[in-house]
Amino acid sequence: MREAFRWFPDGLPPDMLALDETALLRALGRPTLVRVPGTGGSAPRAISTLLHGDESTGLQAALRVLRRGTRHPFDLFWLIGNVEAALAPPGFGHRYLDGQADMNRIWDLDGPDTAQCAAAHGMLAILREAAPESLVDVHNNTGDNPFYAIVTRDHPATVNLATLMTTTLLRWELKVGTLMEALHDTTATCAIECGLPGRAPSLAFAVDALRRYLGDPGLVTDRYVRDADVYGRLRKVTLREDTRVRFGGELTDDLDLVLPVDGDTHNFVPVQGGHVIGLVHPGTQLPVAVHDPSGAEVSDEHLDVVDGRLVLSRAAVPVMMTRTEAAARKDCLFYLSEPIDSLGSAGPMMRAARPRAS
Ligand SMILES: [Zn+2]
């Protein structure tokens, strides 16, 4: 039986590294883990790319950075996630394929017995054995956002890792089976969100971020070294299953909700109660639902319908508002967040790392 993933313990062969991204993905064919050997002396680091098949920026940035061939004092692990979804026509057009799971929701779970889960298990076992000091997971958004990072821990090593690259942070209790969470007890992990794919500024930010990460002499672990703007207490806003929605245009009888085409311009911008989310027919049930991290529905605390408008009933900072119905259906429409004045106390050092093989 063929392996569920490709494993290159000695780096990608130069002829593969020279391929353009689509040709490389065709040559790989499935999820891939690469170890770029270092000169020794420092703990391993890791990057992951393409966990979502429509998020091309991380792969492009990694290729641009790694083709320079710079030797680092640490082994670098490079994960290339949902290769199949990225390759499916039209190319970089699917977060994941029908019949697949979201590849950033299957880590460290007793998932179904699929090739995708087998790949995740196998790659995670190698990463845990290597015990990287840090991991940066590179993503894109489906709407316009400033460049930001997601952290799932308050530890200074984690926050200092994120603020190497951007000081706009989302503090997130995800608990949804991400790669970041699978490693965050022993490894400083963050995700960087590099804006919309296919844009030069997105790629420039990702390249810059990876170079800062790979060039950093080592994370400070006993204090925060930079100020940051932190947003948290996320509430997930989703379309109800039977909601008929469109971005832009008039509210007609065959629709339940019309969203503005530029709703994503409010991402990471504080808005007051009364902020308009979209147009609805008066007297109908809410076309979207709001859930807190425990999964409890809290729609009534956050939404109201006033004069045919769906509005926020209290101040919030919307983040990750998407621009497409497909993205809203596959994940969510957006999140509500709040500014967080200060992160939790540093607490003890991350759980004692597993003993490293000598
Ligand atoms: Zn993503």
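Before I start, one definition: I will say that two residues are in contact if their C-beta atoms, placed from the backbone, lie within 7 Å. Please also keep in mind that what you see above is a predicted model.

Let me begin with the two domains, which the domain assignment of the protein places at 6-227 for domain 1 and at 233-340 for domain 2. Their C-alpha centres lie 30 Å apart, and across the boundary 12 residues of domain 1 are in contact with 16 residues of domain 2. If we look at the side of domain 1 that touches domain 2, we find three nonpolar, five polar and four charged residues.

As for Ala-149, its contacts beyond four places in sequence include Ala-162, Met-165, Leu-169, Cys-190 and Ile-192.

Finally, I would like to turn to Tyr-231, which lies in strand S9, residues 229-239. Is this residue, Tyr-231, buried or exposed? It counts as buried, because it has 22 C-beta neighbours inside 10 Å, and the cut-off for being buried is 20 or more. Leaving aside residues up to four places away in sequence, Tyr-231 touches Leu-170, Val-317 and Val-319, and also Ser-337, Glu-338, Pro-339 and Ile-340. The C-alpha atom of Tyr-231 is separated by 8.6 Å from that of Asp-341, although these two residues are 110 residues apart along the chain.

Methods:
Residues numbered from 1 in each chain as written. Predicted model: local features only at pLDDT ≥ 70, side-chain atom pairs only at ≥ 80, totals over all residues. Domains from an automatic or database assignment. Nonpolar A, V, L, I, M, F, W, Y, C, P; charged D, E, K, R; others polar. Helix = DSSP H or I, 4+ residues; strand = E, 2+ residues; numbered from the N terminus. Buried ≥ 20, exposed ≤ 12 C-beta atoms within 10 Å, placed from the backbone.
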